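Reader: I would like a close look at a single part of this model, taken slowly and with the surroundings described as you go. Please keep to what can be read from the structure itself.

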Amino acid sequence: MTRGKPAGMNAARKLRVHRRTQRWAQKSYNKSHSLTAMKANPFGGASMAKGIVLEKIGIEAKQPNSAIRKCVRVQLIKNGKKIAAFVPRDGCLNFVDENDEVLV
């Protein structure tokens, strides 16, 4: 006789249901499948989102670096949340104006 797991011809449902409930104990599975992470994410699970530029801002880098990161304040169209988006490359902040529609 085996101990622990159910065994036999009719044990498949019991094993499958038990595995499904135990998956939620895994941190990685719980993080990727729970809806709380999606609600907290400003993009709402999407990889990109459109937004309207509100203002240009300079964010200071954390220690030990010293720089002013060129960023823009963007209000997302899909849910109205405001985020700070980094503008890459040298001088590209000149091409972005207020009230522009950007893809973040």
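Author: Contact is taken here to mean heavy atoms within 4.5 Å, and the model under discussion is a predicted one. With that cut-off, and leaving aside its neighbours within four places in sequence, Phe 43 is in contact with Met 48, Ala 49, Leu 76, Lys 78, Ile 83 and Val 104. In soluble globular proteins, nonpolar side chains tend to be buried together.

Ser 32 lies in helix α2, and a polar atom of its side chain is 3.1 Å from the backbone oxygen of Ser 28. Because its relative accessible area is 52%, Ser 32 counts as exposed, the cut-off for that word being over 50%. The C-alpha atom of Ser 32 is separated by 22 Å from that of Val 104, although the two residues are 72 apart along the chain.

Ser 34, by contrast in its setting, sits in the loop between α2 (27-33) and α3 (36-40), and it is buried because its relative accessible area is 19%, where buried requires under 20%. The side chain of Ser 34 reaches the backbone oxygen of Asn 30 at 3.0 Å, and a polar contact of 3.4 Å joins it to the side chain of Thr 36.

Key. Residues are numbered from 1 along each chain as its sequence is written. This is a predicted model: local features need pLDDT of at least 70, side-chain atom pairs count only at pLDDT 80 or more; totals for chains, interfaces and linings use all residues. Side-chain values use heavy atoms; hydrogens and water are left out. Helices (H or I, at least four residues) and strands (E, at least two) are DSSP runs, numbered from the N terminus. Buried means under 20% relative accessible area, exposed over 50%, partly exposed in between (1.4 Å probe, protein chains only). A polar contact is a pair of N or O atoms within 3.5 Å; within protein, one must be able to donate a hydrogen and the other to accept it, and residues adjacent in sequence count only if both atoms are side-chain atoms.
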